[in-house]
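The sequence and structure come first.

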Amino acid sequence: MLLDHVAIATPDLEAGSAPYVALGLHPEGPDEVVEGQGVRVRAFQVGETLIELLMPTREDSPVAGFLARRGPGLHHTAYRVADLDAEMARLRADGARFLSDVPAPGRAGSRVAFLHPKWGEGTLIELVEHALGGHA
Ligand SMILES: CC[C@@H](C(=O)O)C(=O)SCCNC(=O)CCNC(=O)[C@H](O)C(C)(C)COP(=O)(O)OP(=O)(O)OC[C@H]1O[C@@H](n2cnc3c(N)ncnc32)[C@H](O)[C@@H]1OP(=O)(O)O
Ligand SMILES: [Co+2]
């Protein structure tokens with residue numbers, strides 16, 4: 001399994017980008033709006049992994065709630081899987097608690113599913129299946 005991305009919540013993509021630009025990283029293509037999650041995403045590639053900056057596009061999005069409650073910072077980590085449905089079934093059988101019964105559309109045509117932060121012992125964990133496969 002690979003670490004697909006580390007997501008950082010920010011109210012301002014320009015301010016949020018500053019540390020990564022200073023480190024010498026460049027945004028990976030244009031920003032993308034993921035309507036279903038209410039976020040605008042800016043991604044920076046670091047090896048096989050992305051740093052994803054998430055800025056809310058509406059007040060009722062999960063990231064807006066996170067920012068109001070906790071302020072900017074680490075929002076979730078995401079792990080790449082080859083077959084999301086199979087991985088969800090395996091984890092459910094093991095007692096895992098997903099936030100939704102069905103996967104949702106993610107960035108770049110991916111399908112994503114989130115595990116409750118309580119199950120993650122205090123961190124929000126996402127599973128990602130990419131549209132064009134890719135090794136997990
Ligand atoms: C870019 C698109 C996509 C991708 O391709 O990668 C994404 O990543 S989208 C990312 C944004 N989407 C989501 O986060 C969807 C899943 N999240 C949720 O449904 C909610 O955020 C939540 C996790 C269910 C929490 O929402 P809610 O119950 O309304 O908020 P609370 O503030 O009441 O939280 C309950 C409980 O959970 C703790 N919490 C909340 N968010 C996090 C977090 N990111 N990391 C760790 N812990 C978190 C919160 O502190 C509460 O704990 P207690 O106070 O102990 O009850
Ligand atoms: Co994510």
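## Ligand shell and a loop residue

In this predicted model, ligand 1 is surrounded by 25 residues, the closest being Gln 37, Pro 62, Gly 106, Arg 107 and Pro 117. Several secondary-structure elements give two or more residues to this shell; the table names them with their residue ranges.

| Element | Residues |
|---|---|
| strand E3 | 39–46 |
| helix H2 | 62–70 |
| strand E5 | 73–80 |
| strand E7 | 111–115 |
| strand E8 | 124–129 |

Helix H2 supplies the largest share of the shell around ligand 1, with five residues. By residue class, the shell around ligand 1 holds 14 nonpolar, eight polar and three charged residues.

The other site is Ala 96, in the loop that runs between helix H3 (84–93) and strand E6 (104–105). Is Ala 96 buried, partly exposed or exposed? Ala 96 counts as partly exposed because 15 other C-beta atoms lie within 10 Å, whereas a buried residue would need 20 or more and an exposed one 12 or fewer. Leaving aside residues up to four places away in sequence, Ala 96 touches Leu 91, Leu 115 and Trp 119. Ala 96 and Phe 114 are separated by 18 residues in sequence and by 10 Å in space, taken from C-alpha to C-alpha.

As for confidence, the protein chain has an average pLDDT of 96, and 97% of the residues score at least 70. The model has an ipTM of 0.96 and a pTM of 0.96.

How values were computed:
Residues numbered from 1 in each chain as written. Chains lettered and ligands numbered in written order. Predicted model: local features only at pLDDT ≥ 70, side-chain atom pairs only at ≥ 80, totals over all residues. Near = placed C-beta within 6 Å. Helix = DSSP H or I, 4+ residues; strand = E, 2+ residues; numbered from the N terminus. Nonpolar A, V, L, I, M, F, W, Y, C, P; charged D, E, K, R; others polar. Contact = placed C-beta atoms within 7 Å. pLDDT = per-residue confidence, 0-100.
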